[in-house]
Amino acid sequence: MDQQEVPIEPADADEGFEDEGADVGEGRSYLTSLSSSIVKGVEENGRTYASYGKEEYGMPMDEQEMDRIDMSHSKYFMLLEKKRFLAPIQENPQKILDLGCGTGIWSIDVADDYPSAEVTGVDIAPIQPKWTAPNCGFEVDDIEQEWTWKEESFDFIFARDLILSIRDWPKLIAQCYKHLKPGGWIELQSIHGTLSCDDDSLPADCNFRKFDEYVQVGAKNMGTSLDDPTHFKEWIEAEGFEGVVEKKLKIPSNPWPKDPRLKLIGAFEFDNLVYGLEGMSMRLFQKGLGWSAQETNVFCAGVRKDIGNQRYHAYYPFYIVYGQKPEAPKS
C-alpha cells in the first residue's frame, strides 16, 4: 500500500525535532570554459536566475537556492528510507544520466555508490562543484532541446523535482527512451505541487491554501503544470517502457507527525518552504500572475505563519515512477 493512502498520525504541537546535514564530495568538473554571462546568470529582485536555455526556469540559481537543494537531497534520502532511487538497476551500471542535476549532489553520491559508472549531471544552471570524483562530470545544457549524447548509451536516466521547468514531458520521456540501452531504466521523482490534508485541519480560507491556488494558476500560465507528476506513469507506459511502477509518498509541511522519521522529514520541509518561499514564488507570481515584488513579499509573510502552524496537518504528495526499456526493440 502506498504511503499516501495511509493517514499520518499527528504529534503534539510542542514536540521538538532534530536536524542533520549532507556530505558533498569533491573532484573534477567541466565548468571552467563557460562564459561569464552564463555563470553569473540574470539578476531579478535580488535573486539570480539561469540565463541559459530556451525557456525561463521558475527557480533561482543563487547560493540560497543551492542550500535549499542540498537540504532537500537529505530530506529525500530520509523519505526513501536511505535510498537515492528505487529502480532495480543492474549491479554495475556503466553510464548514468542525471537530468536537471541542480547542485550535482545526487550525481556525486551515486558516482560514489557506483564506481563502475560514469555519472553525468546536466542542468541549465552552472552551480555544480568544480571538483568531483573521477567518474562524475557535469554539463550545462537545456534538456528540452535535442540531446547530443549517443543514442542507446545510458543504463539509467534519473530526474528529480523538475518542477516549473519542463513544458513537454512526453518529448523528454521519448528522448530518455531513445538514449537508454535496451534493458535500461528511467526514474522520475517529483513533488506534486498540490497541497493536501487528510483530516480537514487546514482551513479553506488560510493563506497556505490561497498560496496553493495561486501557484497552480501561475504554473499553468507559465506552461509548467504542477499536475504533471500524476501523468508520469501513463506517459512512460505510452512511450513503451515495461514494468512501470508508481509510488506515492507524503511530505509533511512541518514537524506535525507523531512518527519520528516523518517528523524529521517535516522539519526539513518546513525549512524548505519557509526559507525557500520567496525563491519559489517571486518569478512565478510576477510572470505567471502579474504581481509586483512587493505584493509577493507581503503575501509570503502571511503564508509563512501558516506553514509553521503544527495544528495544520498539511502535506505534499511525492511521486516516484520508474520503468524499463524492453530488451527487444519496440514494434
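1. Basis of the notes. This is a predicted model, in which local features need pLDDT of at least 70 and side-chain atom pairs count only at pLDDT 80 or more, while totals for chains, interfaces and linings use all residues. Residues are numbered from 1 along each chain as its sequence is written, and side-chain values use heavy atoms, with hydrogens and water left out.

2. Overall make-up. The protein has eight helices and 10 strands; helices (H or I, at least four residues) and strands (E, at least two) are DSSP runs numbered from the N terminus. Of its 331 residues, 55% are buried. Buried means under 20% relative accessible area, exposed means over 50%, and partly exposed lies in between, with a 1.4 Å probe and protein chains only. The accessible surface is about 14,800 Å², and carbon and sulfur atoms hold 47% of that surface; the areas come from the Shrake-Rupley method with a 1.4 Å probe, and for residues only the protein chains shown count as cover. Among contacts with a separation of 6 or more, 76% join residues 24 or more positions apart, contact being heavy atoms within 4.5 Å.

3. Helix 4 and its surroundings. The buried residues of helix 4 are W169, L172, I173, Q175, C176, Y177 and H179. These buried residues pack against strand 3, strand 6, strand 7 (180-191) and helix 6. The N-terminal end of helix 4 is capped by D168, with a side-chain oxygen 3.1 Å from the backbone nitrogen of K171. A polar contact here is a pair of N or O atoms within 3.5 Å; within protein, one must be able to donate a hydrogen and the other to accept it, and residues adjacent in sequence count only if both atoms are side-chain atoms.

4. Helix 4 against helix 6. The axes of helix 4 (residues 169-179) and helix 6 (residues 232-239) come within 10 Å and cross at roughly 45 degrees. Axes are lines fitted to C-alpha atoms, for helices over the stretch in contact, and angles run from 0 to 180 degrees between N-to-C directions. The two helices are therefore oblique to each other; angles under 35 degrees count as roughly parallel, over 145 as roughly antiparallel, 65 to 115 as roughly perpendicular and the rest as oblique. On the helix 4 side, W169, P170, I173, A174 and Y177 meet F232, W235, I236 and E239 of helix 6.

5. Helix 5 against helix 7. Which way does helix 5 cross helix 7, left-handed or right-handed? The crossing is left-handed. Helix 5 (residues 207-221) and helix 7 (residues 260-289) have axes 9 Å apart and pack at about 45 degrees, so they too are oblique to each other. Residues of helix 5 in this packing include F208, F211 and Y214, and those of helix 7 include L273, L277 and L284.

6. L79. This residue is in helix 2 (residues 63-79) and is buried, with 3% relative accessibility. Beyond four places in sequence, L79 contacts L249, K250, I251, R261, I265 and F318. L79 and R261 are 182 residues apart in sequence but 8.1 Å apart in space, C-alpha to C-alpha.

7. C101 lies between strand 3 (95-99) and helix 3 (105-113) and is buried at 6% relative accessibility. Its contacts beyond four places in sequence are S107, G121, V122, D123, Q128 and F138. S153 lies between strand 5 (136-140) and strand 6 (154-160) and is buried at 7%. A polar atom of the S153 side chain is 2.5 Å from the backbone oxygen of K150, and S153 touches K95, H179, L180 and K181, leaving out residues up to four places away in sequence.

8. Most residues other than glycine have a negative phi. L164 sits in the loop between strand 6 and helix 4 and is buried at 9% relative accessibility. D200 sits in the loop between strand 8 (196-197) and helix 5 and is exposed at 69%.

Definitions and conventions
Left-handed = near helix turned anticlockwise from the far one by under 90°.
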